[in-house]
Amino acid sequence: MTEFRNVQMELMRPGQLRDALAKRSVVFIPIGAFEFHQEHLPFGLDALNAHGLTCLTAHRFGGAVLPPLYYGTGGSHKSYPWTIMMNDEVEIRGMLEQTLTRLQELGVKVAVIFSGHFAPEQLEMISSIAERWRQGANYMKVIDLAINMPLDSTPSPDHAGVFETTVLSRFEPLTIDLSQLPSIDKVPAIDPDGDSYGLHRHDPSHVLWGVFGEDPRKYQPAEAHALALKLSEAIELSVGSALAD
């Protein structure tokens, strides 16, 4: 993502970071998970999407973006191949809370925790961190957001389906390889009652094992830019409201 190098904090020098935050005092904290997303997608998809969307938002509206955190908690994929999921939130919460403390000490006005992994446990974790922060004697504002935010558009948020594949193709298209899945014409997805979110998708013999959502073989790369922009604009609305308060 060379187009976003100007907002990635790990690539900045001190003067560059000071200049960026003087223009808009917002720091994004992208988090995800390291988990199986079928054969066509990379393990780091959740964090890659969170990082890409927050970089796009900072690039368009201002602010800076911390490196993504590739560890998450919750969900039904813990036992899948090469998935490394924390059993609870303790370790992740500690890192996030210390990050918020340091950002406030450094004078940041708004911090945004943005999760590309939206298992209920992960969403509850970032929500409780933000709420606990708001209840404290803190001047920095903290927003918790996730990639499954409601949008008036399709596709709907999913796991390794059309939605996640489409978002990723905006930022890391070379990591997607649909040739790793059988042809949809030769091996269509058989879903009882057409339910693409059913528990049968946990069966390793299913062609879309571990995919929950619309068949990713139907995804259209040309739709990636528009979907990413809608998500970025939704993030910006929340940031703008926090800065205006």
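1. Strand 3 (residues 110-115) pairs with strand 4 in the parallel sense over six bridges, two strands being counted as paired if DSSP finds at least two bridges between them. Within this pairing, Ile113 stands opposite Asp144 in strand 4. Strands (E, at least two residues) and helices (H or I, at least four) are DSSP runs, numbered from the N terminus.

2. On the basis of the note: this is a predicted model, in which local features need pLDDT of at least 70 and side-chain atom pairs count only at pLDDT 80 or more, while totals for chains, interfaces and linings use all residues. Residues are numbered from 1 along each chain as its sequence is written, and side-chain values use heavy atoms, with hydrogens and water left out.

3. The open sheet has four strands in the order 2-1-3-4, with parallel pairing. Strand 2 (64-65) and strand 4 (141-146) stand at the edges with a single partner strand each, so one side of each is left without a neighbour in the sheet.

4. Helix 2 (residues 45-61) lies across strand 1 (26-31), strand 2 and strand 3, and runs at about 165° to strand 1. Helix 6 lies across strand 1, strand 3 and strand 4, running at about 165° to strand 4.

5. Helix 6 (residues 224-244) also packs against helix 5 (residues 162-171), at an angle of about 95° and with the axes 8 Å apart. The two helices are therefore roughly perpendicular, a term covering 65 to 115 degrees. From helix 5, Phe163, Thr166, Val167, Ser169, Arg170 and Phe171 meet Ala224, His225, Leu227, Ala228 and Leu231 of helix 6.

6. A pocket here is an open set of points on a 1 Å grid over the protein atoms alone, where a 1.4 Å probe fits, with protein on both sides within 12 Å along at least five of seven lines, and its lining residues have an atom within 4 Å of a point. The largest pocket has a volume of about 270 Å³, volume being the space filled by probe spheres set on the points, which are joined across faces, edges and corners. Its lining comprises 18 residues, of which Ser76, His77, Phe118, Ala119 and His159 lie nearest the centre.

7. The second largest pocket has a volume of about 150 Å³. Helix 1 (residues 14-23) gives the most to its lining, with four residues; the lining includes Met9, Pro14, Leu103 and Val108.

Technical notes: Axes are lines fitted to C-alpha atoms, for helices over the stretch in contact, and angles run from 0 to 180 degrees between N-to-C directions. Angles under 35 degrees count as roughly parallel, over 145 as roughly antiparallel, 65 to 115 as roughly perpendicular and the rest as oblique. Contact means heavy atoms within 4.5 Å.
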